[in-house]
Amino acid sequence: MAVSPVEVELKLLVEAIYHRYSYDFRDYSGASLKRRVLLSLRHIGCESVGALQRRILDDPQAFMELLQYLTIPVTEMFRDPGYYRALREHVVPVLRTYPSLKIWVAGCSTGEEVYSLAILLHEEGLLERSMLYATDINPRSLERAREGIFDMRHVRAYTLNYQQAGGTASFADYYTAAYDSVLLDRSLRSRVTFADHSLATDSVFSETHLISCRNVLIYFNKGLQNRALGLFHESLCRRGFLGLGSKETVEFSASAERFEPFVKPERIFRKL
Amino acid sequence: MNLPANAPRHIDAIAIGTSAGGLEALSVLVSGLEAGFRLPLLVVQHVPPSGPTQLAEIFQRKTGLRVKEADEKEPIEGGTLYFAPPGYHLLVEQDRTLSLSQDEPVHFSRPSIDVLFESAADAWGSAVAGVLLTGANEDGAAGLEAIHLAGGLTVVQDPAEAEIDTMPRAALQRFTPDHVLPLRRIAQLLRSLE
Ligand SMILES: C[S@@+](CC[C@H](N)C(=O)[O-])C[C@H]1O[C@@H](n2cnc3c(N)ncnc32)[C@H](O)[C@@H]1O
């Protein structure tokens with residue numbers, strides 16, 4: 001079947017982004033990438049994908065707008081509470097045996113996932129000996145993550161998630177409310193380092209004991225998934241842990257033989 | 001590109017969308033399909049975002065097809081009924097594998113029928129059949145039109161018969177599909193696509 005004009009324009013757009021801004025979307029899943037580019041057109045004020053390409057080449061601000069569509073900054077605190085419960089029950093007992101801990105949250109978006117982990121580690125008495133690295137490619141998301149400020153509207157849902165995730169205190173202990181937002185406790189933020197890092201183009205920066213990379217790999221094609229899983233394997237210490245999103249797996253990937261399922265239904269794997 | 005409704009055309013896949021009342025309607029459609037059925041069926045049934053789904057388990061008992069919840073990057077196989085997982089959009093890639101996304105809901109729905117249908121139209125062009133059944137919102141109408149514009153076969157459940165007719169009517173307001181039929185006749189039509 002012949003490739004349609006808009007598919008060609010999309011290919012050219014991601015090439016242009018790569019050469020102009022060094023962001024590499026060339027190996028992302030095409031169908032949802034296309035949806036998101038088309039959604040951005042109206043917001044950015046372009047008639048076609050071709051026009052968008054022209055526009056972003058000249059206008060970094062327009063590219064930054066497009067990036068907000070391309071990166072899907074959708075997240076929650078204690079998203080999928082069962083995942084955090086499994087970490088607490090099955091992974092924490094092993095983590096406890098290390099004198100110091102390095103944890104990497106890859107694709108951290110606006111910070112909700114890494115702060116959830118920080119709360120969990122705090123409640124297990126492990127936060128003081130932990131370093132958490134939280135990385136993403138979207139500078140706006142990283143900026144918001146650093147601030148640690150969340151919309152008040154989400155607090156009810158987060159509180160429920162927290163309880164279902166096996167929280168041992170009260171979620172309200174971790175924030176102060178101000179008008180329509182809540183500010184997370186500073187002590188949680190003090191152990192977290194936010195950094196720009198791409199699973200598509202960058203290499204490993206530290207040895208780690210636990211990597212949490214949730215709902216990022218689904219946006220990659222098989223080849224790029226293999227690259228990311230290769231990075232995780234390289235970064236993890238012997239018998240380190242890898243947590244993925246609820247529909248993601250290392251099975252069927254090039255790294256399948258290098259990990260074993262640890263808590264299978266919650267997609268927690270362990271390096272062999 | 002549009003073929004007349006009765007011209008024989010080659011179909012490689014069937015995409016089905018439904019919400020309220022959909023479980024009963026789907027049961028009628030798939031109960032007559034046997035294990036050897038050549039085509040894959042991709043289904044978006046709106047369900048509440050959280051909570052376990054037993055859709056695949058429930059339907060495995062009702063049909064000879066293989067039934068499963070779609071996994072991401074899964075190659076699409078004939079004789080198989082794939083359900084979109086709750087909380088995820090289901091999409092078809094150009095290489096005809098499945099992919100999932102957590103992009104924003106469309107018509108308050110994730111999975112969304114529009115998302116499935118539009119990507120299926122992109123991947124299969126005229127070789128896909130889209131079927132829109134009973135439902136209480138307008139998701140699916142734009143997607144079915146996309147299938148129509150790509151030259152695919154479009155089928156809408158007869159609103160007079162649909163448990164909730166909002167969804168079929170929304171499609172009929174946008175364009176004229178190839179067929180407007182009661183479920184029993186849609187089931188026959190699907191069998192004839194073999
Ligand atoms: C849907 S969010 C997931 C957020 C969080 N992990 C969660 O599960 O709630 C996906 C995130 O992946 C990030 N991302 C996309 N491509 C990436 C890449 N190549 N390297 C690192 N992060 C990436 C996006 O910027 C976005 O913040």
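Author: Where the chains meet, 22 residues of chain A are in contact with 24 residues of chain B, contact being taken as heavy atoms within 4.5 Å. Before going further, please keep in mind that this is a predicted model, in which local features need pLDDT of at least 70 and side-chain atom pairs count only at pLDDT 80 or more, while totals for chains, interfaces and linings use all residues. Residues are numbered from 1 along each chain as its sequence is written, chains are lettered from A and ligands numbered from 1 in the order in which they are written, and side-chain values use heavy atoms, with hydrogens and water left out.

The size of an interface is often given as the accessible area lost when the parts come together. Here chain A and chain B bury about 1800 Å² between them, with 46% of it on carbon and sulfur atoms; buried area is the accessible area, found with a 1.4 Å probe, that two parts lose on being put together, summed over both.

Turning to the charged pairs, the rule finds 5 salt bridges across the interface of chain A and chain B, a salt bridge being a side-chain nitrogen of Lys or Arg within 4 Å of a carboxyl oxygen of Asp or Glu. One of the salt bridges joins A:Arg35 to B:Glu118, where the closest N and O atoms are 2.8 Å apart. The interface of chain A and chain B also has 14 residue pairs in polar contact, both residues being at pLDDT 80 or more. A polar contact is a pair of N or O atoms within 3.5 Å; within protein, one must be able to donate a hydrogen and the other to accept it, and residues adjacent in sequence count only if both atoms are side-chain atoms.

On the side of chain A that touches chain B, α2 and α10 (222-235) of chain A each supply at least two residues, and α2(A) gives the most, with 6 residues. Helices (H or I, at least four residues) and strands (E, at least two) are DSSP runs, numbered from the N terminus. By class, this side of chain A has 8 nonpolar, 7 polar and 7 charged residues, where Ala, Val, Leu, Ile, Met, Phe, Trp, Tyr, Cys and Pro count as nonpolar, Asp, Glu, Lys and Arg as charged, and the others, Gly among them, as polar.

The domain assignment of chain A gives domain 1 (5-70) and domain 2 (81-271), bounds that come from an automatic or database domain assignment. The C-alpha centres of domain 1 and domain 2 of chain A lie 29 Å apart, and their contact takes 14 residues from domain 1 and 11 residues from domain 2. Between these two domains of chain A the buried area is about 1100 Å², of which carbon and sulfur atoms give 50%. In domain 1 of chain A, the residues that lose the most area to domain 2 are A:Asp27, A:Tyr28 and A:Gln68, together 42% of what that side buries.

Between the domains of chain A the count is 1 salt bridge, and the side chains of A:Glu65 and A:Arg140 meet in a salt bridge with 2.9 Å from N to O. There are also 6 residue pairs in polar contact between these domains, both residues at pLDDT 80 or more. The elements that give two or more residues to the side of domain 1 that touches domain 2 are α2 (30-44) and α4 (60-70) of chain A, and the largest share, 5 residues, comes from α4(A).

Finally, consider each chain as a whole. The secondary structure of chain A comes to 10 helices and 10 strands, whereas chain B has 6 helices and 9 strands. Along its principal axes the C-alpha trace of chain A spans about 55 × 50 × 30 Å, and that of chain B spans about 40 × 35 × 30 Å.
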